[in-house]
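Here are a few exercises to work through with the viewer open. Try each task yourself before you read the solution.

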Amino acid sequence: MKKGSGVEATRSSMQLTVSEGNTSILCTVETFMRLLPIGLCVTALVIMLKNSEENEYGSVAYTDIGAFRYLVHANGICAGYSLISAVIVALARPSTTPRAWTFFVLDQVLTYLILAAGAVSAEVLYLAEKGDTSTAWSSACGSFGQFCHKVTASTTITFFAVVCYMVLSLISSYKLFSKYDAPAPLSNPTKA
């Protein structure tokens with residue numbers, strides 16, 4: 001009997017070690033995934049902030065188009081959140097349920113915020129490049145090519161940040177919902 005209990009103790013200590021190893025890898029990945037969007041969002045923000053063009057057809061700046069102003073604000077908010085959350089995650093403290101819920105909700109909100117900013121900018125960029133013949137709206141990128149190239153760069157970088165936030169959402173979901181047990185199976189599924 002003693003021998004069997006020793007085997008069980010060894011198994012549980014091995015599972016604990018494997019679990020701790022996975023947790024440290026998960027924390028490292030999470031910290032990296034929280035730091036990466038800082039650079040992406042700041043880069044997209046700076047490209048868009050410096051984006052203006054003036055020529056014989058007139059002038060255009062990012063401030064003239066609401067979608068691009070929204071992109072700048074969303075990138076700024078997400079960069080700030082990423083910095084704060086990376087510092088919090090990097091501190092070696094045990095994860096509590098309220099903390100896990102907070103990260104889960106904020107990661108979801110910011111994922112949708114940055115996704116919406118990228119989507120609306122891509123839509124406006126598409127209209128600027130292709131125009132809309134049904135409303136006699138001609139392509140603006142033929143006249144303001146440099147402006148459109150910078151918008152394309154900023155929007156593309158924003159979508160890379162979206163991918164990072166999607167991964168963060170999955171990580172925070174896993175960290176939150178792994179704290180709960182699976183629902184108990186129904187005793188008689190035919191009655192349900």
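**Exercise 1. Get the overall layout.**
Task: work out how many helices and strands the protein has, and in what order they come.

Solution. Start with the count: the protein has 4 helices and 2 strands. Keep in mind that you're looking at a predicted model. Finally, look at burial: of the 192 residues in the protein, 33% are buried.

**Exercise 2. Take a closer look at H3.**
Task: compare the reach of H3 with the span expected for its number of residues.

Solution. H3 covers residues 97-130, which gives 34 residues. Now step just past the end of the helix: glycine 131 has a positive phi of about 75 degrees.

**Exercise 3. Pair H2 with H3.**
Task: decide whether H2 and H3 are roughly parallel or roughly antiparallel.

Solution. First, get the geometry: the axes of H2 (residues 66-90) and H3 come within 9 Å and cross at roughly 155 degrees. Then apply the cut-off: angles over 145 degrees count as roughly antiparallel. H2 and H3 are therefore roughly antiparallel to each other. As for handedness, H2 passes H3 in a left-handed crossing. Sorting the residues of this contact gives 19 nonpolar, 4 polar and 2 charged.

**Exercise 4. Do it again for H3 and H4.**
Task: find the angle between H3 and H4, then say what kinds of residues make up their contact.

Solution. H4 spans residues 145-177, and H3 packs against H4 at about 155 degrees with the axes 8 Å apart. That angle puts H3 and H4 in the roughly antiparallel class, too, because the cut-off is 145 degrees. The crossing of H3 and H4 is left-handed. Their contact residues come out as 20 nonpolar, 11 polar and 2 charged.

**Exercise 5. Check the record against the model.**
Task: which residues does UniProt list as "transmembrane region", and what secondary structure do residues 104-128 and 157-177 have in the model?

Solution. The unreviewed UniProt entry lists residues 32-50, 70-92, 104-128 and 157-177. Take residues 104-128: the span is 100% helix and 0% strand, with its end C-alpha atoms 36 Å apart. Then go to residues 157-177, where the chain is also 100% helix and 0% strand, and the end C-alpha atoms lie 30 Å apart.

Conventions. Residues numbered from 1 in each chain as written. Predicted model: local features only at pLDDT ≥ 70, side-chain atom pairs only at ≥ 80, totals over all residues. Heavy atoms only, no water. Axes fitted to C-alpha atoms, helices over the stretch in contact; angles between N-to-C directions. Parallel < 35°, antiparallel > 145°, perpendicular 65-115°, else oblique. Left-handed = near helix turned anticlockwise from the far one by under 90°. Nonpolar A, V, L, I, M, F, W, Y, C, P; charged D, E, K, R; others polar. UniProt positions renumbered as here; feature names shortened; annotations may be inferred. Expected span 1.5 Å × (residues − 1). Buried < 20%, exposed > 50% of the residue type's maximum accessible area, 1.4 Å probe, protein only.
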